[in-house]
Amino acid sequence: MSKMMQAAQIHEYGGPDMLKMGEVEVPQPNTGEVLVRIVYAAVIPLDFKLRNGWVQDVFPVTFPYIPGFYASGHIEAVGPDVTAFKPGDRVFGNVKGGYAEYAVASANELVHMPASLSFEDAATIKAGAEAAWKALFTEGELEPGQTVLIHAAAGGVGQFAVQLAKWKGATVIGTASTANLDFVKSLGADHVIDYTTTRFEEVVPRVDLIVDSVGGDTEIRSWSVLKRGGMLVSLTQPPSAEAAKEHGVTAKFNTKFPTPEDSVTIAGLIADGTLKTSIDASFPLNQAKNALEKSETRHGRGRILLHVSSS
């Protein structure tokens, strides 16, 4: 008899009510895969964009599907030809359907957790810290002594970007709302601009790199504060190639990804306290709908997680 599990499923595109809880069969790992018992799953903006049907051309799905790309948990079982993991190992990384008690993952997309790293913190790595690493270093090629402007510096990605840029030896300027100014300063930012009262382009000196997780008008206004030869890395949309050429800068979006070695480095930095994580909210699995609704408001500080099982 097949083993069953609780999972959140989406049966058609639409709003929050499209997500329904129910029982489904526990998936089985194939060659090169493992089965993970999920402890925490990350709730990210891509999840509600996918549910709404906004990115179906880029991320086509077969209904019904279980949301969730990133999680932490224990190895429950390993498929054929998997030697890097064994049942009981603590791991984090990419999974296929993290809004569930169990999920299958490719073994080469998981990372062993350091002993001192919590499952809660581990679930934030792929969802926030790794995205920040990619924007700053994999794409942005940030070097010690350079200056970086980080938009939405209190957000799930921005807070890691501030800390990683300081760790690298850069001068960091962040934008944030009034309520988050002190928080961003506490992360190590050299200067913080209240975007609700000040237009950043009127006060920011020319910078080497801009990390933009806002897009739209913020991107348009950002070009003028880049040095000639500087770089803008967008986390929301392909940036304007025409604007980049006009200003003599480089613009990038999702062309490279961090390596497994980068993930190990990030995990170590969190485990030893160099990087601090901030959890905005944690919901039980049966409140996945509420977690997605909170994510969709786009207001918060830090990551939103689903707490699926005990560690």
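Trp-133 and Phe-137 are both buried, where buried means under 20% relative accessible area, exposed over 50%, and partly exposed in between (1.4 Å probe, protein chains only). Before going further, a word on the model: it is predicted, so local features need pLDDT of at least 70 and side-chain atom pairs count only at pLDDT 80 or more, while totals for chains, interfaces and linings use all residues. Residues are numbered from 1 along each chain as its sequence is written, and side-chain values use heavy atoms, with hydrogens and water left out.

**Aromatic pairs**

Back to our two residues. Trp-133 and Phe-137 are four residues apart in helix H2, which puts about one helical turn between them. In general, an α-helix has 3.6 residues a turn, so residues three or four places apart point the same way. Helices (H or I, at least four residues) and strands (E, at least two) are DSSP runs, numbered from the N terminus.

The structure holds eight aromatic pairs. Rings of Phe, Tyr and Trp (its six-membered ring) pair if their centres lie within 6.5 Å; planes under 30 degrees apart count as stacked, over 60 as edge-to-face and the rest as tilted. Two of these pairs are set out here.

| Pair | Centre to centre | Angle between planes | Class |
|---|---|---|---|
| Phe-48 and Trp-54 | 6.1 Å | 90° | edge-to-face |
| Trp-133 and Phe-137 | 4.9 Å | 85° | edge-to-face |

**The parallel sheet and its helices**

Six strands make an open sheet with parallel pairing, in the order S10-S9-S8-S11-S12-S13. Strand S10 (191-194) and strand S13 (250-252) stand at the edges with a single partner strand each, so one side of each has no neighbour in the sheet. From one strand to the next, the twist averages 15°. Two strands pair if DSSP finds at least two bridges between them. Strand S8 (residues 147-150) and strand S11 (residues 207-212) run parallel and are joined by three bridges; Val-148 stands opposite Leu-209 in S11.

Contact means heavy atoms within 4.5 Å.

Why is H3 described as largely enclosed by the rest of the structure? Eight of its eleven residues are buried, so the rest of the structure largely encloses H3. Among the buried ones are Phe-160, Val-162 and Leu-164. Their cover includes H2, S8, S9, helix H4 (181-186) and helix H7 (260-271). Just after H3, Gly-169 takes a positive phi of about 100°.

**Backbone details and a buried histidine**

Most residues other than glycine have a negative phi, and most peptide bonds are trans. Here are some departures from that pattern. The peptide bond from Phe-63 to Pro-64 is cis, with omega near -10°, and Pro-64 lies in the loop between helix H1 (45-52) and S4. Asp-81 has a positive phi near 70°; it sits in the loop between S4 and strand S5 (90-94) and is exposed at 68% relative accessibility. Glu-141, in the loop between H2 and S8, has a positive phi of about 55° and is partly exposed, with a relative accessible area of 42%.

Strand S4 (residues 70-78) holds His-74, which is buried at 12% relative accessibility. Not counting residues up to four places away in sequence, the residues that His-74 touches include Arg-37, Asp-89, Arg-90, Phe-119 and Ser-311.

**The whole chain**

The protein chain has eight helices and 15 strands. Of its 311 residues, 53% count as buried. The C-alpha atoms fill a box of roughly 65 × 40 × 35 Å, taken along the principal axes. Among contacts between residues at least 6 apart in sequence, 61% join residues at least 24 apart.

Conventions. Axes are lines fitted to C-alpha atoms, for helices over the stretch in contact, and angles run from 0 to 180 degrees between N-to-C directions.
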